[in-house]
Amino acid sequence: MTDDERPKVSTVAELFAYVSAAWDTGGKSYCATRTWFGTGLQDAFERLATQERVSEAERPDIVRQMIAAMPACRRCGCVTPRRGNGRRAPARVRSWGRGEGRSMPINVT
């Protein structure tokens with residue numbers, strides 16, 4: 001995909017719209033968190049949030065909302081069954097080799 005073919009986003013709101021329109025590309029498994037951090041979306045968010053002067057305190061909540069807006073994880077292992085008290089068990093933390101052969105799927109302006 002060339003730079004001209006990539007969607008252009010220039011605000012956090014446009015990034016949110018792009019992320020929520022993302023799709024599960026198929027395969028054996030899909031992980032929204034891995035997609036978020038592995039494709040450069042987090043970096044794009046940080047640049048846009050800095051540009052728009054979003055406070056450091058608000059950023060984690062916005063990131064969680066964006067990841068939740070992506071397609072649901074499927075057979076990736078990061079989502080574990082709920083405990084008896086109705087809360088999710090902690091997600092496993094894995095190394096995903098950030099940026100290995102992947103490029104940012106959007107142009108941040």
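Predicted model: local features only at pLDDT ≥ 70, side-chain atom pairs only at ≥ 80, totals over all residues.
Two packed helices are described by the angle between their axes and the distance between the axes. For helix α1 (residues 12-20) and helix α3 (residues 41-51), the angle is about 155° and the axes lie 9 Å apart. On the α1 side, the contact is formed by Val12, Leu15, Tyr18 and Val19; α3 contributes Leu41, Ala44, Phe45, Leu48 and Ala49. In composition, the contact of α1 with α3 comprises nine nonpolar residues, with no polar and no charged ones.

Helix α4 (residues 59-69) contains Val63. The relative accessibility of Val63 is 10%, and the residue therefore counts as buried, the cut-off being under 20%. Leaving aside residues up to four places away in sequence, Val63 touches Trp36, Gln42 and Phe45. Phe45 is also one of the α3 residues in the contact with α1. Between Val63 and Phe16, a separation of 47 residues in sequence corresponds to a C-alpha to C-alpha distance of 9.3 Å in space.

Two of the residues touched by Val63, Trp36 and Phe45, also form an aromatic pair, and the count of such pairs comes to one. The ring centres of Trp36 and Phe45 are 6.4 Å apart and the ring planes meet at 50°, so the pair is classed as tilted. Trp36 and Phe45 are both buried.

Terms used
Residues numbered from 1 in each chain as written. Heavy atoms only, no water. Axes fitted to C-alpha atoms, helices over the stretch in contact; angles between N-to-C directions. Helix = DSSP H or I, 4+ residues; strand = E, 2+ residues; numbered from the N terminus. Contact = heavy atoms within 4.5 Å. Nonpolar A, V, L, I, M, F, W, Y, C, P; charged D, E, K, R; others polar. Buried < 20%, exposed > 50% of the residue type's maximum accessible area, 1.4 Å probe, protein only. Phe/Tyr/Trp six-rings, centres within 6.5 Å; stacked < 30°, edge-to-face > 60°.
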